[in-house]
Amino acid sequence: MASLTETHPALLWETPSLRTHAEHLDRAGDHLWRVVDAKGAIRGHLRVIADPLGIRYRAERLHLASGAFRLVGEFWDADDAVAALRN
């Protein structure tokens, strides 16, 4: 079964709002944001995924050698996903 993001690739999601100000999000794609800390370092990426039960947030890191994203975790809350990228 295809997800909403696969069936509607042109859908532009709003930037998720974070409760903390330790990081901010910079858009990197229709469903993707860079998680940037206060010093300007990229911590990882936050991806929005439509799920039948609601919106999910994936914390991912780019693996430079392969050029692919590596899943850190999938969460119901954007702040939880960003927190997973702090370690």
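Guide: Buried means under 20% relative accessible area, exposed means over 50%, and partly exposed lies in between, with a 1.4 Å probe and protein chains only. This is a predicted model: local features need pLDDT of at least 70, side-chain atom pairs count only at pLDDT 80 or more, and totals for chains, interfaces and linings use all residues. Residues are numbered from 1 along each chain as its sequence is written, and side-chain values use heavy atoms, with hydrogens and water left out.

Visitor: Why is Asp80 called partly exposed?

Guide: Its relative accessibility is 41%. Asp80 sits in helix H2; helices are DSSP runs of H or I with at least four residues, strands are runs of E with at least two, and both are numbered from the N terminus.

Visitor: What makes Asp79 buried?

Guide: Asp79 has 8% relative accessibility. Buried means under 20%, so Asp79 counts as buried. Asp79 is also placed in helix H2. Leaving out residues up to four places away in sequence, Asp79 touches Ser17, Leu18, Arg19 and Thr20; contact means heavy atoms within 4.5 Å.

Visitor: Why does His45 count as buried?

Guide: The relative accessible area of His45 is 10%. The limit is under 20%, so His45 is buried. His45 belongs to strand E3. Among the residues that His45 touches, beyond four places in sequence, are Trp33, Val35, Arg58 and Phe69.

Visitor: Why are E1 and E5 said to stand at the edges?

Guide: Five strands form an open sheet in the order E1-E2-E3-E4-E5, with antiparallel pairing. Strand E1 (23-27) and strand E5 (68-75) each have a single partner strand, so one side of each lacks a neighbour in the sheet. Neighbouring strands are turned by 35° against each other on average, direction ignored.

Visitor: What makes a set of residues a nonpolar core?

Guide: The members are buried Ala, Val, Leu, Ile, Met, Phe, Trp, Tyr and Cys residues, joined through side-chain atoms within 4.5 Å. The largest such core here has 14 residues, and Leu25, Val35, Leu46 and Tyr57 have the most contacts inside it. Strands E2 (32-37), E3 (42-51) and E4 (54-63) and helix H2 (78-84) each supply at least two residues of this core. In soluble globular proteins, nonpolar side chains tend to be buried together.

Terms used:
Pairing = 2+ DSSP bridges. Axes fitted to C-alpha atoms, helices over the stretch in contact; angles between N-to-C directions.
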